[in-house]
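Keep the sequence and the 3D view side by side as you read.

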Amino acid sequence: MGPHPRPTPKDALIHLREESAKRLSASERLVEQSFNQARLVTSLAVGLLLVGFLLVAQMRGQATFSGSLERQSDQNLAIIIQQLTAENNVLRTEVARLQMRLLEAGQATEDRTQLLSEAARELNSVSMMAGLEAAAGPGIVVTITDPERVLLPQDFVRVVHELRGGGAEAIAINAIRVTATSGFSGGGGRIELDGTTLARDYEVIALGNQNNLAQALELPGGLKTTLVTFPGVTVQVAAADELSVPAGSAVGYSFGSPVEDE
Amino acid sequence: MLALALALALGVTLGLLTNVTVPVAALTYLGVAVLAAIDACLGGVKASLEETFDDKIFISGFLTNTLMAAFIVFVGDRIGVRELYLAAVVAFGLRVFENLGTVRRLLFSRWGWE
């Protein structure tokens with residue numbers, strides 16, 4: 001440009017431009033470098049991540065594989081097969097046995113339910129017979145008056161007997177149930193039923209077929225005829241459709257015990 | 001380097017956490033593939049130390065090596081040469097050790113231990 005001792009403004013400008021261009025390219029290179037570095041690290045990191053993951057997966061798989069049958073020798077496999085076959089047989093027998101038992105149990109259950117319902121029915125009739133439950137239904141009312149107090153306990157035994165003979169299903173005297181264990185006692189004009197003194201004008205209620213019951217008492221030469229021959233005694237028999245007798249008390253065994261009959 | 005170690009640890013942790021199990025049938029394939037992947041990563045480290053690393057080459061190498069390794073085992077299974085997987089194992093095993101040696105040497109020279 002000539003022998004100018006001082007750079008012209010133009011030179012200075014050119015210098016500045018070159019300088020900045022150099023700086024720019026340097027920084028560009030730096031950016032590029034760090035970008036490349038980032039790419040390097042990222043791709044390698046992803047690769048290593050995959051390697052780690054796959055390694056663990058492979059080790060896991062190998063661990064399960066080692067315990068699996070494929071690793072066993074043929075001889076071991078033969079032994080294992082033998083053992084399994086034997087075990088299988090045992091189990092099969094067991095299954096058959098259990099099925100048999102199941103069938104038997106089913107049968108037994110059926111039998112038992114049948115037995116139970118039968119027992120319930122029986123219990124019902126037995127408890128009715130034993131007078132453990134109050135009963136209601138048609139029957140007859142026998143009113144006996146004895147102002148002279150001439151009747152004896154055995155007369156009432158006969159009354160009850162005759163009524164039973166006539167098919168009475170439940171009997172009560174003065175609202176006291178006559179059960180299988182009931183007994184009459186007393187003396188001197190007093191009549192006791194199961195320890196309770198009966199008030200006079202005895203009212204005997206018997207459930208059952210009205211005709212049969214009435215006939216049992218009123219037969220010619222029967223009980224009624226006999227009783228009315230006593231002085232002052234009257235016997236009235238009346239049929240009624242809606243009668244009820246109370247429940248008797250259950251008697252447990254104190255001395256005896258039931259004997260099972262096989 | 002630290003980032004790479006972290007990535008490896010993360011991969012292992014991920015594997016442990018996700019509880020993946022490889023089916024027995026795929027065990028051999030994955031085993032050889034893992035070997036190939038290790039080789040590829042070592043190769044990548046080596047290239048980065050030599051400052052010739054190219055991510056395109058790394059990624060493509062990673063993928064083709066692993067897939068080819070598994071494929072070789074598959075082919076061996078199919079054509080009745082089960083031992084073909086040994087070829088892959090030997091090849092990749094050799095390369096792993098080769099790469100390892102190079103990496104070691106490069107690291108030494110970089111750290112000025114030579």
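**Where the chains meet**

The contact takes 31 residues from chain B and 25 residues from chain A; two residues are in contact if their C-beta atoms, placed from the backbone, lie within 7 Å. On the side of chain B that touches chain A, the elements that give two or more residues are α1 (2-18), α2 (27-50) and α3 (55-78) of chain B. Of these, α2(B) gives the most, with 12 residues. Sorted by class, that side of chain B has 24 nonpolar, 6 polar and 1 charged residues. Here Ala, Val, Leu, Ile, Met, Phe, Trp, Tyr, Cys and Pro count as nonpolar, Asp, Glu, Lys and Arg as charged, and the others, Gly among them, as polar.

A word on the source: this is a predicted model, in which local features need pLDDT of at least 70, side-chain atom pairs count only at pLDDT 80 or more, and totals for chains, interfaces and linings use all residues. Residues are numbered from 1 along each chain as its sequence is written, while chains are lettered from A and ligands numbered from 1 in the order in which they are written.

Now look at chain B by itself. It has 4 helices and 0 strands, where helices (H or I, at least four residues) and strands (E, at least two) are DSSP runs, numbered from the N terminus.

Next, find helix α2 (residues 74-129) of chain A. How far apart are its end C-alpha atoms? They are 80 Å apart, which agrees with the 82 Å that its 56 residues should span at 1.5 Å a residue; the expected span is 1.5 Å times one less than the number of residues. The number of buried residues in α2(A) is 0, so this helix lies largely in the open. After α2(A) comes G131(A), whose phi is positive, near 75°.

Finally, chain A has an open sheet of 3 strands in the order β4-β5-β6, with antiparallel pairing; two strands pair if DSSP finds at least two bridges between them. β4 (184-187) and β6 (196-197) of chain A stand at the edges with a single partner strand each, so one side of each is left without a neighbour in the sheet. β4(A) is joined by 4 bridges to strand β5 (residues 190-193) of chain A, and G186(A) has I191(A) as its bridge partner in β5(A).

Definitions and conventions: A residue is buried if 20 or more other C-beta atoms lie within 10 Å of its own, exposed if 12 or fewer, and partly exposed in between; C-beta atoms are placed from the backbone.
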